[in-house]
Amino acid sequence: MSANEADGLLDGYEDNFKGITVTQRHYGDVSPEVFHKRLSLSLDTWKSNGHRGIWLKIPRDQAKLIPIATELGFGFHHTRDDYLMLTKWLPTDEPNKLPSFATHYVGENLSQTAIRETFEETGIKAEFVSVLMFRHMHDYHFGAGDLYFCCLLRPLTTNVTMDTTEIADVKWMDVNEYIDDPNTTAVNRMIAESYRDGLKSGYFICPERTPHYLQNKADQVVYRVKALEPDGLGPPKANM
């Protein structure tokens with residue numbers, strides 16, 4: 001028995017964002033009354049300890065626990081044939097930052113997302129240049145596939161204002177220094193090498209607008225390889 005269980009608390013997996021994920025292995029085949037008591041006490045403890053997003057996975061054969069979770073403020077996140085995932089955001093002084101369940105529909109252009117995320121997490125204003133690389137991973141979070149894009153932006157400002165709730169550190173580095181750093185992961189080294197190779201070849205995957213094939217629809221944004229002339233800060237601004 002863990003220390004938490006001895007105190008009547010629920011155990012869980014802690015993530016890098018001070019979140020907690022609780023699955024059936026952390027509470028077992030409990031009665032609704034016991035589950036209510038343990039979950040309520042755990043929520044108070046997690047909140048006082050500065051934890052943020054709570055993920056609660058309830059299997060189908062424990063569906064009787066779902067009303068208890070919703071009574072204590074949990075909302076539905078997603079469901080599969082054999083379980084329901086619920087979430088609760090604990091901080092009262094910041095908006096809910098838990099990601100919604102992913103589908104293949106994306107409501108924001110890739111370039112807009114990269115610019116917005118960069119500003120929100122580092123305070124740096126930038127303009128979009130190109131896609132450097134992307135990877136497709138199967139069976140990622142919640143059994144869904146994942147597409148991960150890394151983009152090249154040109155900074156318009158250089159002062160950093162780090163969002164400590166999203167990232168652990170940020171600093172400017174020479175690209176060659178970053179590539180040679182032994183702490184750089186293989187995939188991040190590949191990303192940086194893609195940028196360096198692009199500077200040599202002059203070719204980047206850049207966005208362009210083209211008319212939509214349906215009437216009364218906004219222009220489509222397509223990404224294609226095109227030649228750009230590099231300058232002192234990297235490729236010039238792509239027309240987006």
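1. The second largest pocket is lined by Asn-16, Phe-17, Lys-18, Arg-52, Thr-164, Thr-165, Glu-166, Ile-167 and Ala-168. A pocket here is an open set of points on a 1 Å grid over the protein atoms alone, where a 1.4 Å probe fits, with protein on both sides within 12 Å along at least five of seven lines; lining residues have an atom within 4 Å of a point. Its lining divides into 3 nonpolar, 3 polar and 3 charged residues.

2. The model is predicted: local features need pLDDT of at least 70 and side-chain atom pairs pLDDT 80 or more, while totals for chains, interfaces and linings use all residues. Residues are numbered from 1 along each chain, and side-chain values use heavy atoms, without hydrogens and water.

3. Helices are DSSP runs (H or I) of at least four residues, and strands (E) of at least two, numbered from the N terminus.

4. Thr-87 is in strand E5. Thr-87 counts as buried because its relative accessibility is 14%, and buried means under 20% relative accessible area (1.4 Å probe, protein chains only). Beyond its neighbours within four places in sequence, Thr-87 is in contact (heavy atoms within 4.5 Å) with Ile-54, Trp-55, Gly-73, Phe-74, Gly-75, His-77 and Leu-98.

How values were computed:
Nonpolar A, V, L, I, M, F, W, Y, C, P; charged D, E, K, R; others polar. Buried < 20%, exposed > 50% of the residue type's maximum accessible area, 1.4 Å probe, protein only.
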